[in-house]
Every structure is written in C-alpha cells, then in structure tokens.
Amino acid sequence: ITPSYPCSFSSFARCLTKHLNLFFHVDFARRVIRGKVELTVEALEDRFSSLTLDSRDMKIDSVRANGQAASFSMGAKHSFKGTPLEIKLPFDLSRGQHVIVEVTYETSPSATALQWLAPEQTAGKKQPYLFSQCQAHHCRSMVPCQDSPSIKFTYYAQVSVPKDLVAVMSAIRDGQEVDPKDNERIIYHFRQPVAMPSYLIAIVVGALESRVIGPRSRVWSEKEIVEKAAAEFSETEDMLQTAEQLAGPYVWGQYDILVLPPSFPYGGMENPCLTFATPTLLAGDKSLANVIAHEISHSWTGNLVTNKTWEHFWLNEGHTVYLERMIGRSMESEQFRQFKAMGGWKDLQDSVNTFGANNPVTNLVPSLEEVDPDEAYSSVPYEKGFALLYHLEELMGGPEVFMGFVKSYIQMFAYSSVTTEQWKDYLYTYFKDKVDILNKVDWNAWMFTPGMPPVKPQYDTTLANACIALCQRWIKAKDQDLDGFKESDIKALSSHQVIEFLSLLLQEDALPLTHVKKMQEVYNLDTCMNSEIRFRWLRLCVRSKWEDAVPKALQMATEQGRMKFTRPLFREVYNFEKFHDEAVRVFLGHRGELHSVTAALVAKDLKVGQNQIDGKTT
C-alpha cells in the first residue's frame, strides 16, 4: 500500500528526487529570492510523463525537462499545503530513468520559510539579514520540490548576494567569486554530498563573521556577538566526540553553529553542517549545553535516520532527546540524566494540560490528515517519545543495553526515512530473546492514546530533592514564616536546579503576591540573565498578579521571538484579566518583528482575529 503523505501534494509513488542544483539571487530591496532549481528526478513507473511538486506563494516563470520546454499549471491553493505545481513532460520515461526538471521562479515577500530583517532588527544595525526555517513544510515556499521527509537528495547551490554580506547554507562551503553579471555582488558556492530531506535546506545571508571553535567547527554570527559565541560554544568538539562514541561516526564533515538574531523561533535547528541557535542561549551557563547536545544528536536521529512523515516526528525527537541525555550522562553523570528526564516529564505534563488530555495531537503518533504540523508542534513527541525509550531501556536491561539498540537502529536505517512500524519491527528483531517482555508493553496506550503515558518512570530524585524541598517550603509558608527564607537557599543550587525549583512552583496553584515579592527580595531573580530562569520567574510573578512584572514579561516576550518563551509569556499576561487588552496591544505592535509561524500561533493563543491584525476593530 502507498502510505498517505498528508502534508504534501507531490507524487511519491511515481518518482523520487535524487539531487537539486539551486541558483539563488537574493534581492533584499524586494524581499524575494529569484531562483532556479534543477531537480534530478527518477521515474518509478513506465510511461512516466507527469509529476507534481509542492510550491507555496511563488511565481513560476518557466519549466523545462532535459532542456525542452514543459507545460505546467498550478492547482488549487490549500491553507497550509500551498499550491501543487503540475508538470507535463514533453516525453515519456521508463522506470529507472532520470530526467532533469528545471523550474525558474520567484519567491513571495511573505514566503513562510524566509524571514527578512531590516538592519535595525540585527545586532549590527547597518545591514539587512535573511534566514530560512523550512521545518516542517515550509521549504516549498523557497524551492518547488517534493517537500516531504520521506524523500532524500543531495544538493549543490550557488547564491548571489550583495558584496558586503556573507551567505552560509546547510552544506559544505565550496568557494566564492564575484558575480559575473554584477560586480557589486558575490556568488557563494555550496555542496551537500549526503542525501537529506527538504526541510533541512537552510540559508542565511547577513553581515556574518566566523571563529574556529574546533577541528571541524566554526561559530558564525554578526561580529558584535561572535567572540562571546565562540567562548560559549567551546565544548562543541567534546560533545561531538561523545556523540560519536555513542552513536557511530559523524558523516556530515563540518559541524558549524550559527547564532541568529533574536526573532529566530526555536532554541536550535539541526540544519546539517550548520546548526542554527537562538541568541537566548548566550546568557551564560548550562542551558546552552542541552540545546547544542540536542542539535548535535540530530546529526544521527533526524538527519541521518529521518521520520517518513510528520506523524512519526517522535522518531526524530524522542531518540534525539534520548541521545542528548546520554551525552549529558557521559559528560556529567547518570544523576544529571535522571534529573533532566524529570524536568522533561513536567514539560510533557504542561503540553498535555495546554492541549487537553483528550486532544489527539497529544498522541505519540497523531493523525495529521488536514492538520497543520506547525499547530501540532509541542513537547509531546520529544518527551513522550523519550519516556517510551526510557521505559524500554528499563525493561531491556539498562542504558548500555538499550543504547546498543539505538546505535544499531541508526546503522540499519542510515540515509533513509522510517515509520513507527519499521522502528518497532526492528526493536523486536534486535531483542528477539526478549519478545515476551516487549509483548507486555501496552503499545496502543503509548502510541495512539492521547494524554500522559500509561507508565510513569521512577526517576532518581537525588538532584531534584533540594528543589522539591524548597518548593514545598514556599507552598506551605504562611506570611509569618517568610522571614525564614534566605539568599543561601538558592546559592547552593545549580542553574538547572533553580529552573527545576521554578518549574515545580509553576505546577502548583499561584503563590500569594506576598510570597513572590519576598522571593524577589531574598533571591533577586529579576537580575538573572539566564533566559530559562527569567522566563519561569516572570510567568510565576504574572500568575500571582504582580503588576510590576507585566511590562517585564511583555518585554521578554517581544525582545526575542523564541516560541518556547514568547507564547507562554503572552498567554500568561493575557490570562491576567486586567492586562488582557494590553497583551493584545503589545502583540499587535510587535507582530512584524516576530517570525510568521510565531506570530500566527500567538495570534491564535490571544484569539486575535485577522480584522484586528488588519487594523480594524471587531
């Protein structure tokens, strides 16, 4: 049976893309890319003469096949899948033959994959900036392609940009030259010899500099933050080597990190050869290590072995969280891994509470038929996925035994895309002497039932005990007990433990205002620069109706655009009845600075209608 690909229009059963040749002319004045793509397509059937590509909001100028003009038409536009590009070839192919389909096109200024920043939105304030974010299904707004993680291809690219700017991509840098058509521009060359899915094509153009941080790594950013970034990311090579010991050789050659401007919507994005990272990581200490360990782990789980469709996203994210925590175990301790796992369980509980325990998007394997993957995105695939793998680890004989399976699974499915069914079949094959134990797992409850998992793992609480005890003291404290709290309560805790302490408080009923004011007086959390701590502290203050915290929460929600922080902060202020309208007003004022995906989801959270966005009142 042909699996359904609910998020794509392109013809998977009939042809496969093997390689892309990309030509980009980046036009900052008009905020478009003038593009040409040559797709090497293999026919999977005889008398093959037509194909469909995914596109979204783009202007198609011409289509050629092996150099001959080919007729094309655009299908009906879909709300999030875009518009199918139907191409008729001027000849037939036999099964196994290749054709080079060349599409000349221009992106739209509102292409969902691309964010164009004015100079004032950058650190340097002088030059504009462009970055892409193609996951999950946005590549089609930048390149007409078979935009599904089931299809993997190599790519080469040439990118023409103004000569004061630098281009980098999710590929190996391969030289540069003055643009022969315009000596005010430079063409940068790239090659990606390892086959990868469309969602991992990535481009950044800006006033970029780089510093070497390891034998196969550089950090890229604007010059204003490049030294700080180089210092922060100095452990990268140690992490890469630790990951290789666990998961096998790193196949992508270069591992660079690019620190983006603040509007980047995610903590990190695992683009091959060039991990994207949010600048919110640069506020010091260890929250950085988790994000980079996570993105490094994706080099194996996600980039090398990829979910076949977005319903199986947990295969990417659950395994990556598992591997990230195994890196933490190697570099810190088993207790540290257990502690991070407990924090993850709370993040899962938060997501389930936000969506509702009966919401089918909280399934480990949700059905995404007519569901926009952006709207289904949450910590569920990450943390429910991890919890399942940890549960299996306990049943199968511990971390060393189970990591043996994960490494073998990566080797077995390297360079391909997989479904949950294939993963499970391989699990049964690998542990063939333990099938009776595997058969006792309630697979249906884990995979296809919404809400929290059927089993709650018993994590080692050693590192969490101090956080739990301090949290309980604050919850139980009466006003007359408040003088018993001292600065030393949290001086002894690591930043990870402070984050955990605040997370525990956020799981409880709101503290009385007297308590949060006292907490500020003794712990002085307002001055903390660690964004994970600041984010939780501001939510706690707003929830306890401390009015002074509202402007600070809205400031944090808008000075960066990382969805993990921006959405909950806006929701928290919106739910504070008195500042309901203020949340909407500030959002509408800053909407243009946010990434389009972030803006759309915050608008939904705050129930902002299109007419309010257009400036009319409801």
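**Domain contacts, sheet order and enclosed spaces**

The C-alpha centres of domain 3 and domain 4 lie 29 Å apart. The contact between these domains draws 13 residues from domain 3 and 17 residues from domain 4. About 1300 Å² is buried between domain 3 and domain 4, and carbon and sulfur atoms give 63% of that area. On the domain 3 side, the residues that lose the most area to domain 4 are Phe339, Met342 and Lys346. Together these residues account for 45% of what that side buries. The structure is a predicted model. Its chain is divided into four parts: domain 1 covers 1-205, domain 2 covers 207-299, domain 3 covers 309-448 and domain 4 covers 461-614.

An open sheet of eight strands was then traced. Its order is β5-β4-β8-β2-β1-β11-β14-β13, and the pairing is mixed. β5 (68-69) and β13 (172-178) stand at the edges. Each has a single partner strand, so one side of each is left without a neighbour in the sheet.

Within this sheet, strand β1 (residues 15-27) pairs with strand β2 (residues 32-43). The sense is antiparallel, and the pairing runs over 12 bridges. Aspartate 27 has valine 32, in β2, as its bridge partner. The hairpin of β1 and β2 has four residues between the strands. In that hairpin, arginine 31 takes a positive phi near 55°.

β1 also pairs with strand β11 (residues 152-162), in the parallel sense and over seven bridges. Here histidine 19 is bridged to threonine 154 of β11. β11 in turn pairs with strand β14 (residues 185-197). That pairing is antiparallel and spans 10 bridges. Phenylalanine 153 has methionine 196, in β14, as its bridge partner.

β12 (166-169) and β13 each supply at least two residues of the lining. Domain 1 (1-205) and domain 2 (207-299) both give residues to this lining, so the second largest cavity lies between them.

The largest share, seven residues, comes from α20. The lining of the second largest pocket has 14 nonpolar, 12 polar and seven charged residues.

Terms used
Residues numbered from 1 in each chain as written. Predicted model: local features only at pLDDT ≥ 70, side-chain atom pairs only at ≥ 80, totals over all residues. Heavy atoms only, no water. Nonpolar A, V, L, I, M, F, W, Y, C, P; charged D, E, K, R; others polar. Pairing = 2+ DSSP bridges. Domains from an automatic or database assignment. Contact = heavy atoms within 4.5 Å. Buried area = accessible area lost by both parts, 1.4 Å probe.
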